[in-house]
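Please consult the sequence and the structure shown here alongside the text.

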Amino acid sequence: MNFDHETEKQNSRQKIAEAADARTLEAVRVEYLGKKGKLTAMYANLAVLSKEQKPEEGKRINEFRNTVTQLIEEKKNEIAAKARQGSQKQLDVTIPGVAHPVGHAHILTQTIDDICSTFEQMGFAVQEGPEIETEFNNFTALNIPEDHPSRDGFDTFYLKEPDPTDKKVNLLLRSQTSPVQIRIMKEYKPPLAFVVPGKVYRPDAVDASHSFMFHQIEGLLVDKDVKFSDLKGLLTVFLKRLFGEKIKMRLRPHFFPFTEPSAEVDIACYICGGKGCSVCGRKGWLEIMGCGMVHPRVFKAVGYPKRKYTGLAFGLGVERMAMLKHGIHDIRLFYENDVRFLEQF
Ligand code: DAH
């Protein structure tokens with residue numbers, strides 16, 4: 001049997017050209033180059049040819065095999081390139097990605113960080129204390145008398161059990177950050193300058209301006225010869241940094257058991273600028289913190305020598321600061337975790 005090489009070439013060329021995918025191409029390859037394929041048949045057929053015909057036909061078959069092998073190889077590369085292109089098309093880098101919402105620090109955390117870093121820049125260290133305190137640190141050492149109303153169960157959360165290591169020690173949820181003053185002074189000798197951020201607890205009914213838990217920042221500076229004018233200067237710088245250079249402030253005489261003299265700090269109302277409006281209750285001033293000179297009895301309670309040191313102290317409510325600064329009218333918003341509120345800061 002003689003093969004018509006021209007026709008075979010044409011047929012194979014066409015089949016290879018028409019193969020649109022790798023599987024079809026593989027079928028064509030098996031048809032020609034496979035064990036039972038056309039080429040095997042061609043080589044087998046050589047046996048029946050005459051001596052003269054054999055070399056000539058052998059050459060043509062080899063040529064045919066080379067052509068088919070090459071065409072298949074080329075087609076294979078073409079199909080692979082197309083597949084690569086196709087998969088690239090699916091990955092359109094211009095399509096906007098899936099946005100993952102990015103969180104940020106809570107407004108109260110931001111306010112605490114702002115205030116603490118302002119004091120850090122003035123040389124204060126940041127210190128913390130426990131939320132479960134002793135009655136001694138929270139009241140007695142701070143010169144708060146036994147019959148003071150703030151010691152009442154209506155104003156302080158007491159723990160049912162006393163301190164397990166000393167049954168005579170009554171425990172409570174601290175109602176102010178001032179007890180950390182006591183802890184710091186018991187541990188360090190002056191000069192010292194600290195701010196103390198933290199949670200405090202009072203059994204208040206929750207409303208727009210009250211919560212049973214809120215945050216305070218306490219400040220304490222003790223050294224030889226600290227004066228009231230240092231307190232006023234320090235708070236002036238602090239409030240200008242927090243509320244801007246134009247802020248107006250005043251100190252108003254007040255009473256705190258742990259400071260003498262004591263004062264409350266007011267800033268001119270940011271809404272009406274001092275004229276009087278509903279936010280400041282027609283007063284034109286907003287009360288923002290308490291302060292004073294450390295009472296000698298407090299120094300005595302922590303074992304400092306008499307008359308050797310003087311100190312200034314202050315305490316402020318973080319929620320109140322944030323509410324004043326950002327015009328937030330309801331304290332409950334801080335704790336509800338509504339992202340529509342939180343995202344605004
Ligand atoms: N502990 C006070 C309170 O909770 C705030 C305070 C006032 C702290 C005056 C101070 C201070 O250190 O000097 O109301």
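The structure is a predicted model.

## Salt bridges in the model

How many salt bridges does the count come to? The count is 15 salt bridges.

## Lys9 and Glu63

Lys9 and Glu63 form a salt bridge in which the closest N and O atoms are 3.1 Å apart. Lys9 belongs to helix 1 (residues 5-18) and Glu63 to helix 4 (residues 53-90), so the pair ties together parts that lie 54 residues apart in sequence.

Are the two partners buried or exposed? Lys9 counts as buried because its relative accessibility is 18%, under the 20% limit for that class. Glu63 has a relative accessibility of 42% and therefore counts as partly exposed.

## Arg60 and Glu57

Helix 4 also holds both partners of another pair, Arg60 and Glu57, which are three residues apart, about one turn of the helix. The closest N and O atoms of the salt bridge between Arg60 and Glu57 are 4.0 Å apart, and the distance criterion for a salt bridge is within 4 Å.

Arg60, at 38% relative accessibility, counts as partly exposed. Glu57 is buried, since its relative accessible area is 6%.

## Arg183 and Glu133

Which residue forms a salt bridge with Arg183? The partner is Glu133, and the closest N and O atoms of the two residues are 2.5 Å apart. This pair links distant parts of the chain, with Arg183 in helix 7 (residues 179-187) and Glu133 in strand 2 (residues 132-134), 50 residues apart.

With a relative accessible area of 32%, Arg183 is partly exposed. Glu133 counts as buried because its relative accessibility is 1%.

## Summary

In sequence terms, Lys9 and Glu63 connect parts 54 residues apart, Arg183 and Glu133 are 50 residues apart, and Arg60 and Glu57 lie three residues apart within helix 4. As for accessibility, Lys9 is buried, as are Glu57 and Glu133, whereas Glu63 is partly exposed, as are Arg60 and Arg183.

Terms used:
Residues numbered from 1 in each chain as written. Predicted model: local features only at pLDDT ≥ 70, side-chain atom pairs only at ≥ 80, totals over all residues. Heavy atoms only, no water. Salt bridge = Lys/Arg side-chain N within 4 Å of Asp/Glu carboxyl O. Helix = DSSP H or I, 4+ residues; strand = E, 2+ residues; numbered from the N terminus. Buried < 20%, exposed > 50% of the residue type's maximum accessible area, 1.4 Å probe, protein only.
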